[in-house]
Amino acid sequence: MMDYLKAFLVGGAICAVGQLLMDFTKLTPARILVTFVTVGAILQGIGIYQKIVDFGGAGATTPLTGFGYTLAKGAIKEVKEAGMLGALTGGLKSTAGGISGAIFFGYMAALLFNPKSKK
Amino acid sequence: MKTKMSSKQYEQYIKNKMPKPAYLKNCVAAFIVGGLICDVAQLISNTAKSYGYNQEAVSSITAASMVFLGAFLTGLGIYDRIGKFAGAGSIVPITGFANSIVSPAMEFKREGFVFGVGAKMFILAGPVLVYGVSVSILIGTIYYILGK
Amino acid sequence: MMTEKRLGRQTLKLSTPPSMISNTSIVGPKEGEGPLAQYFGQILTDDYFGEDSWEKAESKMLTEVVKNAIKASGMSNTNIDFMFAGDLLNQIVSSSFAARELQIPYIGLYGACSTMTESLCMGSLMIDGGYAEAVVCATSSHFSSAERQYRFPLEQGVQRPPFAQWTVTGAGAAVIARAGSGPYITYATIGKVLDFGIKDANNMGAAMAPAAVDTITAHLNETGRKPDYYDLIITGDLGNVGKAIILDMMQKEGFDITKVYNDCGSMIFDSEKQDTHAGGSGCGCAAVVLNGYIVSEMRKGNINKVLLIATGALLSPTTTWQGESIPSIAHAVAIENTIGVGV
């Protein structure tokens, strides 16, 4: 049960930071997403994000910072195993499930549904 | 008109006439919804783990499932309503990434399946991939050089 | 040669004020739930209007509203000498596609949300100049087509800032002619493009307010009229934010318009109940409030002298991406039940 509480707190906190950025700096959602991915990857690059993941579990991996974390972690792991080429292949390899899923499910949803006007 | 103001002066002048966002309410809503979305991911992750998948498989299953949920709720027209309430709480999680792919894909269906759906799908998610992947390559490279 | 019909730099006096013959409006479902619902000619239950794209729906609204206006005027298409129309979509396709069907000699205008008064100005001049007996002036906007052109896809889960406005789904048309029993268009004041440096495309009210202040001031100075000459001084789509700014700025200019001032964007929605934040916007906003509410009230005699100032933000999605500020314009028309009285 503890892991749900931790995930809630860590995930909630990361989202709250995003909200503060949006309200105070007028950053658009696309810029927030780009910033979070980049920050997550850099934090993992300097070895910090793994600690947040160890504590927060899905609370740290589900926000887009976690996507950056997975990319960076994959690249580093692949560099260890395959050398320089790993920097190119590692990131996408580790996130392939999420990205392919997003492309495929995105396409299917677009086939099946139509946008509705806002109320 | 007699009034003359520079951009800076005008910005200052209108400042107290602009309604402010409900900072606290928005922040709490983002926290709660974002936290709950992460708990859903935790649930999927724990379930996958209990079936004996290894760590990497678990994270792929979780990511793919969350993306599916985000895409499906967008298709049903529910995700934008969550977003209106939750703000960053539903933008920042990976379900929001899925929403940013599905919403333009649906919107531009009328412009055809190649240049509409196919191309516009990445209008928001494209930059995320560009920067995420580029940074990961840089980090991998730096790691390689330092590791030498 | 003397320009004897022009007062000052910007105001035109119509020597034979054209008369409104018929005014019609069509609005979307959301506008139909707003405070002005009873004034609109037609309220759509489906904002696709039976079409398969928002753009087609918007063009159909414009086509239908013009047809309805011509029908209500008792004339037929062949009696209408010119059509003046414009809208927000790229290359003003709603208007041009409507003109393709209507087969009335057409002058397409782009003044963003100032199009309703811009078209009335140009149409009135055509009549006053003796080149036309009757013209139709029309404009439209659609929430969903504007949103996808200027902002985000509809299903994207974004939060709108509290000062954002809601694009009105609606179209309005007025048939004006040389002969008629009013209300009459007596003056037109052509605006200048002003830019006070606002860059946030969500903050239209603040971007457009200076242009409105400039045009109202020019109108009052050049006609010599006082604000309380009018029963109503009404801007097109400044919304609640722009409304607060304009009242204050007009004070600075030495005119107190508080008692007679309102804004179409503030009136068309109940922003609390309908969650529209700072109010309505879009070409359709001034168009449906004029052709719905204002003209009805004038015909009933509840109000007799109106100054309508429709405001337009002259930005494009490209200039927004390139970080440019938002130039704005405002055109005013004076609409009065009687001519030849007052100053």
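The rule finds one salt bridge across the interface of chain B and chain A, a salt bridge being a side-chain nitrogen of Lys or Arg within 4 Å of a carboxyl oxygen of Asp or Glu. This is a predicted model, in which local features need pLDDT of at least 70 and side-chain atom pairs count only at pLDDT 80 or more, while totals for chains, interfaces and linings use all residues. Residues are numbered from 1 along each chain as its sequence is written, chains are lettered from A and ligands numbered from 1 in the order in which they are written, and side-chain values use heavy atoms, with hydrogens and water left out.

Over all chains, the structure holds 21 salt bridges. B:E56 lies in helix α3 of chain B and A:K77 in helix α5 (residues 64-82) of chain A, so this pair joins two chains. Helices here are DSSP runs of H or I with at least four residues, strands are runs of E with at least two, and both are numbered from the N terminus.

Next, the rest of the interface between B and A. Contact, meaning heavy atoms within 4.5 Å, involves 65 residues of chain B and 67 residues of chain A. The two chains bury about 5,500 Å² between them, and 78% of that is on carbon and sulfur atoms. Buried area is the accessible area (1.4 Å probe) that two parts lose on being put together, summed over both. Which residues of chain B lose the most area to chain A? They are B:F31, B:V92 and B:Y143, together 11% of what that side buries.

Between chain B and chain A there are twelve residue pairs in polar contact, both residues at pLDDT 80 or more. A polar contact is a pair of N or O atoms within 3.5 Å; within protein, one must be able to donate a hydrogen and the other to accept it, and residues adjacent in sequence count only if both atoms are side-chain atoms. On the side of chain B that touches chain A, the elements giving two or more residues include α2 (23-50), α3 (55-75) and α8 (122-147) of chain B. By class, that side of chain B has 45 nonpolar, 14 polar and six charged residues. In this scheme Ala, Val, Leu, Ile, Met, Phe, Trp, Tyr, Cys and Pro count as nonpolar, Asp, Glu, Lys and Arg as charged, and the others, Gly among them, as polar.

Chain A itself has six helices and zero strands. Its C-alpha atoms fill a box of roughly 55 × 35 × 35 Å, taken along the principal axes.

Chain A also touches chain C. That contact takes 15 residues from chain C and ten residues from chain A. The buried area is about 980 Å², of which carbon and sulfur atoms give 56%. On the chain C side, C:L154, C:E155 and C:Q159 supply 37% of the area buried against chain A, more than any other three residues. The side of chain C that touches chain A divides into eight nonpolar, three polar and four charged residues.

Now chain C on its own. It has ten helices and 15 strands, and its C-alpha atoms fill a box of roughly 55 × 50 × 40 Å along the principal axes. With 343 residues, a compact globule would have a radius of gyration near 20 Å, and the 18 Å of chain C agrees; the radius is taken over C-alpha atoms, and the globule rule is 2.2 Å times the number of residues to the power 0.38.

Chain C is divided into domain 1 (6-177) and domain 2 (184-336), with bounds from an automatic or database domain assignment. How far apart do the C-alpha centres of the two domains lie? They lie 17 Å apart. In domain 1 of chain C, 62 residues are in contact with 67 residues of domain 2 of chain C. The two domains bury about 5,100 Å² between them, 63% of it on carbon and sulfur atoms. C:Q10, C:Y39 and C:Q165 supply 16% of the area that domain 1 buries against domain 2, more than any other three residues.

Across this domain interface the rule finds zero salt bridges, but 24 residue pairs in polar contact, both at pLDDT 80 or more. The largest share of the domain 1 side, nine residues, comes from β3(C). That side has 31 nonpolar, 22 polar and nine charged residues.
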